Amino acid sequence: MAPKRPEGAGAFPKPVESPAPKPPDPSTLYAALDLGTNSCRMLIAQPKGSHIHVVDSFSKSVQLGSGLETTGRLSRGSMRRTIQALRICQQKLKRHKVKRMRLVATEACRRAKNSRDFIRQVRRETGLQLEIIPTEEEARLAVISCAPLVSTKTQQLLVVDIGGGSTELVWIDLTSVPSRDRPKAIMRLHSGFRGDDSPFPGAKVVDWISVPLGVATLRDQFRDVEDDAARFALMSWFFEENLAEFAPYKDAPPSEGFQIVGTSGTVTTVAASHLGLRRYDRTKVDGLRMTSDQIDKVIRGYLELGPKGRKDDPRIGQDRHALIMSGSAILQALLRCWPTTRLSVADRGLREGLLYAQMSADGVLEDGPY
């Protein structure tokens, strides 16, 4: 006799529905948009303890500065690409109902003769009001974005931000700051490089410079050099020549307690190549420390690959292969000047700096005061 079939056997079980994630409170949200020479990037985030929690993000290579070296103007094509990207940013800001934001443009808009017309066109077509920030503010924002990566053992800090159209370098003396407070002292620079009336021991900005050469502008200046290795060498030495005015501690570069923090697509790509990552992983790259020898080995590997090999290398990526050698030339020049066993890789930059500055000014980050 066949066994009796249990009641309900074979029926589909009642689905268990997971509740939809609760959208963040718009009143806690901040946004930061960085429109550079090569890329348009945006973050929407909220404060979480002493850090930021990213709610939404956007990144697109728009090549706004394409042709700027020869014409001195933003081209119609580059402006069209950029406005298309900015429309997406505007939609994200509207969807999340973000009220507090800073939307900034950097070197390409600082240099272009028609940048004001472009800013007006962006406002007219997207409703977004872009702000062209000066070089000092760009450098300051890059510095404070890297504050969480500063070691409590660091006495002398060099922050390097390799952009598409310019490279910012800031040298900071932390010797008067108690060890445990050094990352906080960097964060307090959101109020300016020249210091303020804060009662806390301060980070002293010894020197800073904005070199009008980034990965895109340096590449464009040497397009006519056909030999790959020769072009790389010329770019590197040319960049070093442009560092002549930036020479803190040139005669006696510090060794103990010296840290370089590098923030840029170049530095993170070199780090990913060093780790052998075929798929980029921010958690493995951000905060990684590399020596001069390790970086030099990666760059020599890029040269051995040649243009075609770099284009096909998954560690470099399609968006980066055309710019990686000009960025590497800048990085190599920096390490000739200041060799170190402590270059910290920062997958962070202007956007994070903008967010930290806004949140710090509003007093919504914990473990302050900043």
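This is a predicted model: local features need pLDDT of at least 70, side-chain atom pairs count only at pLDDT 80 or more; totals for chains, interfaces and linings use all residues.

**Entry 1: β4 and its neighbours.** I started at β4 and found two bridges joining it to strand β5 (residues 131-132), with the two running parallel. I looked for a residue pair to click on: Ala105 stands opposite Ile132 in β5.

**Entry 2: the open sheet.** I traced the strand order of another sheet. It is open, has six strands with mixed pairing, and reads β8-β7-β6-β9-β11-β10. Which strands stand at the edges? I got β8 (204-211) and β10 (289-290); each has a single partner strand, so one side of each has no neighbour in the sheet.

Inside that order I looked up β6 (residues 156-162) with β7 (residues 167-173): they are antiparallel, with seven bridges. Leu157 faces Ile172 in β7 as an opposite pair.

**Entry 3: α2 on α4.** For helices I wrote down angle and distance, since two packed helices are described by the angle between their axes and the distance between the axes. Helix α2 (residues 76-96) and helix α4 (residues 115-126) have axes that come within 10 Å and cross at roughly 40°. Parallel or oblique? At that angle α2 and α4 are oblique to each other, because only angles under 35 degrees count as roughly parallel. I noted the crossing of α2 past α4 as right-handed.

Then I listed who touches whom. From α2 I have Met79, Thr82, Ile83, Leu86, Arg87 and Gln90; from α4 they meet Phe118, Gln121, Val122, Glu125 and Thr126. Sorted by type, the residues of this α2 and α4 contact come out as five nonpolar, four polar and two charged.

**Entry 4: α11 on α12.** Helix α11 (residues 292-312) packs with helix α12 (residues 324-337) at an angle of about 155°, axes 10 Å apart. That makes α11 roughly antiparallel to α12, as angles over 145 degrees count that way. I put the crossing of α11 past α12 down as left-handed.

Contacts again: α11 brings Ser292, Ile295, Asp296, Ile299, Tyr302, Leu303 and Arg310, which meet Ile324, Met325, Ser328, Leu331, Gln332 and Leu335 in α12. How many nonpolar, polar and charged residues are in the contact of α11 with α12? My tally for it is eight nonpolar, three polar and two charged.

Note on methods: Residues are numbered from 1 along each chain as its sequence is written. Side-chain values use heavy atoms; hydrogens and water are left out. Axes are lines fitted to C-alpha atoms, for helices over the stretch in contact, and angles run from 0 to 180 degrees between N-to-C directions. Helices (H or I, at least four residues) and strands (E, at least two) are DSSP runs, numbered from the N terminus. Angles under 35 degrees count as roughly parallel, over 145 as roughly antiparallel, 65 to 115 as roughly perpendicular and the rest as oblique. A crossing is left-handed if the near helix is turned anticlockwise from the far one by less than a right angle, and right-handed if clockwise. Contact means heavy atoms within 4.5 Å. Ala, Val, Leu, Ile, Met, Phe, Trp, Tyr, Cys and Pro count as nonpolar, Asp, Glu, Lys and Arg as charged, and the others, Gly among them, as polar. Two strands pair if DSSP finds at least two bridges between them.
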